[in-house]
Amino acid sequence: MNASKGEITLVSLGQNPSELGLRYLSSVLLEKGYSVKKVFSKQRREDDVSPQMVAQINEISRNSLFIGVSVITDYVRQARNFSEQIRRLNRNVVLVAGGIHPTVRPQEIIDVFDIVVRGEAEQSIVMLADELSNGKGVEEIQLPGVNTRFYTSEHLGFVDEIENLPVPDFSDNYVFNKKDICLEKNYEALFGDCYSILTSRGCPYHCTYCVNDFYARTSNHSFFRKRSVNRIIDELAMAKKNYPVGRIVFLSDNFLALGDDELDLFISRYSREIGFPFYCSATPNCIRKDRIGKMMDIGLSRISMGIESGSENTLALYRRKHGSPRTILQAAEVLHQYFPRLYYSFDLILDNPYETSEDLRDTLSLLESMPRTYDLTLYSLTFYPGTYLYEKAVKDGLVKDAYYLEQSKHYHRLNPSFHNCLFLLYKLKARAGFIAYVKSCEFAGGVWARICRSLAAYSVNILLAVCLLKMIFSSLRNKDGVLASHYVKLGIAVVRSALLRR
Ligand code: B12
Ligand code: SF4
């Protein structure tokens with residue numbers, strides 16, 4: 001075996017150890033003869049960077065050419081803090097940042113990191129490693145997509161040909177477990193029986209709150225790239241052979257954006273060679289009865305779909321032409337036909353300061369009109385830099401530019417408001433919510449258990465009714481009869497559905 005050209009340490013500050021971006025980088029570096037240590041900190045975004053962890057990363061990366069850190073906006077404060085801490089321990093360390101945030105806002109990272117790599121880095125990280133292993137200093141580096149304090153590149157790297165990339169490297173992972181960093185060689189200990197795969201990069205759409213909007217505006221070629229079905233199945237077959245896999249997660253932004261021929265090929269090869277249950281996400285316009293039926297036959301067991309809002313105005317603000325209320329409703333009806341074999345959940349974005357009570361009412365009405373067999377995932381709108389919505393919110397004075405450097409806003413922490421109570425109650429009422437949970441509890445038999453279960457189920461409906469009453473009164477107080485009458489209608493629908501199937 002050839003001697004390594006040098007060692008590189010890659011660090012993920014996020015919570016999820018799948019982190020496919022870093023794993024792709026590790027694979028290309030390994031292919032080019034470097035050795036790689038991958039560290040997964042599994043820190044929650046609200047945690048401070050642990051000094052113990054930094055000390056241990058410093059220890060294991062002593063012989064590395066550089067430490068590369070992956071940074072998304074939610075972790076930019078931790079990334080800055082990590083660099084400050086590790087530099088105190090080792091003044092000579094070369095720190096490289098990459099990922100979505102440094103791509104969009106390199107200037108917010110370059111003061112504490114030596115090198116910032118923008119865009120997809122499969123090519124640039126190898127060029128960078130070659131330069132550093134050939135003894136070049138940071139001040140001498142001038143590469144496309146690579147910024148230092150001495151050189152600025154406007155280039156945004158995209159991999160044109162994603163087809164020939166090696167498969168992501170899931171081998172040996174260093175994992176920080178609250179106190180110590182341990183080398184975890186066991187796949188199952190980190191990922192259970194699950195294998196995550198990207199079937200494409202980018203997205204054909206560019207919703208105004210999503211990073212794909214930034215990419216679409218800044219890249220001058222088609223950002224959406226698909227892998228061939230044969231390549232996808234080959235990767236899954238490799239995973240099936242090498243890891244104790246029993247489930248597949250398709251992590252691509254929009255897995256169902258497959259052409260008809262591609263879908264047929266996928267179905268025939270997947271059923272013959274893989275056969276595991278799988279989870280994917282999709283946009284409303286991709287949910288078609290024939291497609292979902294075929295996918296269910298080969299193992300589709302879970303699907304998530306972005307609804308985001310039921311209001312035409314808000315959907316226009318989000319630029320979601322592919323998900324009008326009508327399309328959403330049609331998609332929900334298709335998915336409902338596969339209940340209860342298919343678990344499906346819808347994403348909603350709340351706390352949008354541009355939304356009026358009418359917009360929220362439209363979303364509630366949409367939820368009410370859909371068969372209640374969905375689950376809901378509620379997000380609090382977060383403005384990510386580089387997107388149209390971020391720029392608009394800054395211009396309109398709704399958020400301060402670079403607010404995330406000072407304050408941390410959690411994408412699941414909803415503002416305390418009556419409307420949000422209503423959405424939470426809808427979540428509780430939905431199939432996988434509280435009522436279903438209570439009904440399925442077998443903790444005790446007998447009449448008391450039945451009474452408790454019924455009371456719990458009724459209490460959700462009662463709370464919902466109270467919130468609706470409050471909405472009716474406040475609309476009347478604001479002399480908005482139309483809004484009040486909509487809430488009355490919603491109330492009647494809620495009571496009817498509670499009486500019919502509770
Ligand atoms: C799959 C996915 C997830 C998965 C897995 C996350 C993971 N880390 O693998 C799950 C579901 C867990 C997830 C959760 C979240 N996600 Co997410 N997710 C994605 C998604 C759809 C794909 C990510 C991916 O694998 N891309 C493909 C790889 C190849 O690209 P990449 O990760 O960017 O990596 C490349 C480059 O950035 C660069 N690079 C990356 N790291 C490094 C490091 C170095 C040193 C270098 C040199 C280069 C480099 O090279 C890589 C290879 O080309 C993206 C959307 C997108 N289009 O990227 C959103 C996205 C990354 N998620 C996002 C967010 C906000 C989240 C959440 C905070 C919650 C949420 N609202 O979804 C959580 C928090 C996750 C965490 N870190 O704990 C945002 C981030 C926005 C931002 N500006 O930071 C994105 C961009 C979607 C969006 N709303 O715009 N997510
Ligand atoms: S459809 Fe999803 S991944 Fe695509 S641009 Fe919109 S939010 Fe982003």
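Counting Ala, Val, Leu, Ile, Met, Phe, Trp, Tyr, Cys and Pro as nonpolar, Asp, Glu, Lys and Arg as charged, and everything else, Gly among them, as polar, the shell around ligand 1 splits into 18 nonpolar, 12 polar and 6 charged residues. Keep in mind that this is a predicted model.

In total, 36 residues surround ligand 1. Gly14, Gly21, Gly68, Gly98 and Glu120 are the closest of them. As for who supplies the shell, at least two residues each come from helix H1 (20-31), helix H4 (100-104) and helix H7 (211-218), and likewise from strand E3 (64-70) and strand E4 (95-98).

On the domain level, ligand 1 lies between domain 1 (7-175) and domain 2 (186-353 + 362-375 + 384-392), because both of them give residues to its shell.

Turning to the strands, there is an open sheet with 6 of them, running in the order E9-E12-E13-E14-E15-E16 and paired in parallel. Strand E9 (194-197) and strand E16 (375-380) sit at the edges, so to speak, each pairing on one side only. Going from one strand to the next, the twist averages 20 degrees.

Strand E14 (residues 300-308) lines up with strand E15 (residues 343-350) in the parallel sense, and 6 bridges join the two. Glu308 has Leu348 in E15 as its bridge partner.

Key
Residues are numbered from 1 along each chain as its sequence is written. Chains are lettered from A and ligands numbered from 1 in the order in which they are written. This is a predicted model: local features need pLDDT of at least 70, side-chain atom pairs count only at pLDDT 80 or more; totals for chains, interfaces and linings use all residues. A residue is near a molecule or strand if its C-beta atom, placed from the backbone, lies within 6 Å of it. Helices (H or I, at least four residues) and strands (E, at least two) are DSSP runs, numbered from the N terminus. Domain bounds come from an automatic or database domain assignment. Two strands pair if DSSP finds at least two bridges between them. Axes are lines fitted to C-alpha atoms, for helices over the stretch in contact, and angles run from 0 to 180 degrees between N-to-C directions.
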